[in-house]
Amino acid sequence: MITAEQKPIEEIIEYIAPYDRILLVGCNECVTVCAAGGRKEVGLLASALHLHSLKQGKTVDIKEITLERQCDPEYVEELVSLIDSADAILSMACGCGVQTIAGRYKDKPVYPAVNTKFMGASESQGIWAERCKGCGDCLLGVTGGVCPVARCSKQLMNGPCGGTSNGQCEISPDTDCAWRLIWERLKALGMEKRYIEVMVAKDWRPAGGGGPRRIVREDLT
Amino acid sequence: MNLKNKLTNGEFSVIAEMSTPKGVDISDLVTSARNLKSRVDAVVIPDMDNGVMHMSAIAGAALVRQQGIEPMIHVYGRDRNRMALQGDMLAAHVLGIPNLLVVQGEEMSLGDHQDAKLVDDLNERDILVMVDTLKKGSDLAGFELKGSPDFFAGCQVNPMTDDKDLDAEFNRAKEKVDAGAQFIIVPPVFDINSYTPILEKFKSLDVPVIATVFLLKNVGMARYISINDPGSRLTDALITRIRTAKDRETECIAVAGEMIQALGKVVHGVKISAMGWEDRLPAILDSAGI
């Protein structure tokens with residue numbers, strides 16, 4: 001999923017300071033799962049913003065809504081009936097959702113209330129970690145299901161660097177060396193031969209080297 | 001810093017563009033540079049011109065310096081992060097490269113190494129700020145330098161098709177001048193009359209304006225530019241002139257020479273792009289009376 005974290009409240013306040021009527025829009029997908037921008041977080045942020053405005057002696061009208069998916073034009077259409085009663089939109093979705101709203105409601109300023117972080121997975125309750133860079137040419141089939149692009153600090157493709165120590169990466173003792181994980185997986189699977197097969201310099205075109213990427217499925221268009 | 005002094009004193013300056021080889025045979029570059037000694041104020045070396053892998057601009061500029069000509073190099077952020085860029089700037093200074101032209105790198109997808117990874121750490125404005133920071137004696141991380149470099153750094157304006165483009169490019173150029181650009185190089189001029197108001201607008205930024213003179217090599221090239229780059233303002237009359245000339249190559253050189261002369265009355269300098277015909281640069285200068 002796409003992970004996100006709420007922006008510092010000061011930054012959000014600065015964005016919305018010029019406006020009296022705010023439409024605060026959450027998203028029911030990834031940001032709900034990572035507890036950054038779902039219905040609950042929409043309510044909490046609205047309360048914080050109300051409190052701040054009261055302290056300033058100001059009244060701000062904040063309408064709350066959480067869409068099923070902000071990155072889907074079909075659901076973003078649901079804002080039509082609310083849009084005229086707002087001076088600005090504050091989105092708690094990832095960058096995809098913010099841009100879908102901005103593209104649909106061109107005469108309304110849209111501000112992000114979260115920082116989109118990475119494509120990741122939950123390691124344990126409350127902890128998410130990066131797992132995919134969206135490089136467009138998945139290597140997991142040859143690296144034992146551990147991604148060196150997302151999980152090696154140097155994005156090395158042929159084994160660890162000299163900075164690996166006791167199986168951990170030199171950037172932090174909390175960060176596993178991706179190539180240690182890859183080796184352990186390949187060994188457990190009896191695929192050690194894969195480890196010594198040399199990977200040639202990666203083609204970064206599918207990763208976006210040729211500009212913004214699109215997927216066109218003729219069968220669905 | 002001959003170029004800087006001349007431009008600062010309001011003297012018309014001439015810069016010639018020369019590319020480094022794709023390989024290590026430097027004979028063409030060195031010969032072309034030698035032929036221009038004492039005839040131009042600087043030679044500008046693009047870096048990975050048009051997104052095509054070449055010998056690095058710093059090496060080319062050092063070679064040009066060895067021939068007794070003041071060099072200028074392109075600097076851009078597509079292939080190098082801020083560490084590599086700063087290291088290269090320090091290297092450039094000690095190799096006798098006093099002039100920088102901060103440009104926008106070609107799209108990777110349009111070059112010859114399309115599978116390469118993009119860097120794009122710093123944009124043009126950021127690079128100008130970086131140069132200014134280095135000149136003041138520290139790096140971008142705030143650490144003091146042991147000896148600071150000095151540069152005459154300028155920026156480039158992209159082709160402009162209409163007034164909207166012109167306004168956007170003008171605003172971008174203003175941002176870059178505010179960030180430290182000391183001169184501006186504008187795109188090729190093929191029609192002095194329609195381009196003069198544009199040049200005058202950029203002159204209002206109060207830094208020297210250098211116009212590009214692009215050597216048309218044949219009718220096909222002129223037609224291609226006219227059709228594919230409406231911002232070139234290349235006229236049918238010019239195409240006809242080249243097409244009907246007895247000796248088209250000589251005519252193309254004459255066209256470039258006349259453009260240099262015409263621009264001498266409007267801007268502070270010219271940058272001549274011969275696009276592989278660097279051996280004709282002396283003839284172009286002869287034609288321009290330089």
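I began with A:Cys135, which at 9% relative accessibility counts as buried (under 20% relative accessible area, with exposed being over 50% and partly exposed in between, using a 1.4 Å probe on protein chains only). This is a predicted model, in which local features need pLDDT of at least 70 and side-chain atom pairs count only at pLDDT 80 or more, while totals for chains, interfaces and linings use all residues. I number residues from 1 along each chain as its sequence is written, letter chains from A in the order in which they are written, and take side-chain values from heavy atoms, leaving out hydrogens and water.

I then looked for a partner for A:Cys135 and found that the closest cysteine sulfur, in A:Cys147, is 6.1 Å away, too far for a bond. My search of the whole structure returned zero disulfides over all chains, a disulfide being a pair of cysteine sulfur atoms within 2.5 Å. A:Cys94 is in no disulfide, and the nearest cysteine sulfur, that of A:Cys96, lies 3.7 Å from its own; A:Cys94 is also buried, with a relative accessible area of 11%.

Finally I turned to the interface, where the contact (heavy atoms within 4.5 Å) takes eight residues from chain A and seven residues from chain B. The two chains bury about 610 Å² between them, 52% of it on carbon and sulfur atoms, where buried area is the accessible area (1.4 Å probe) lost on putting two parts together, summed over both. Of the area that chain B buries against chain A, B:Gln114, B:Asp115 and B:Lys117 supply 68%, more than any other three residues.
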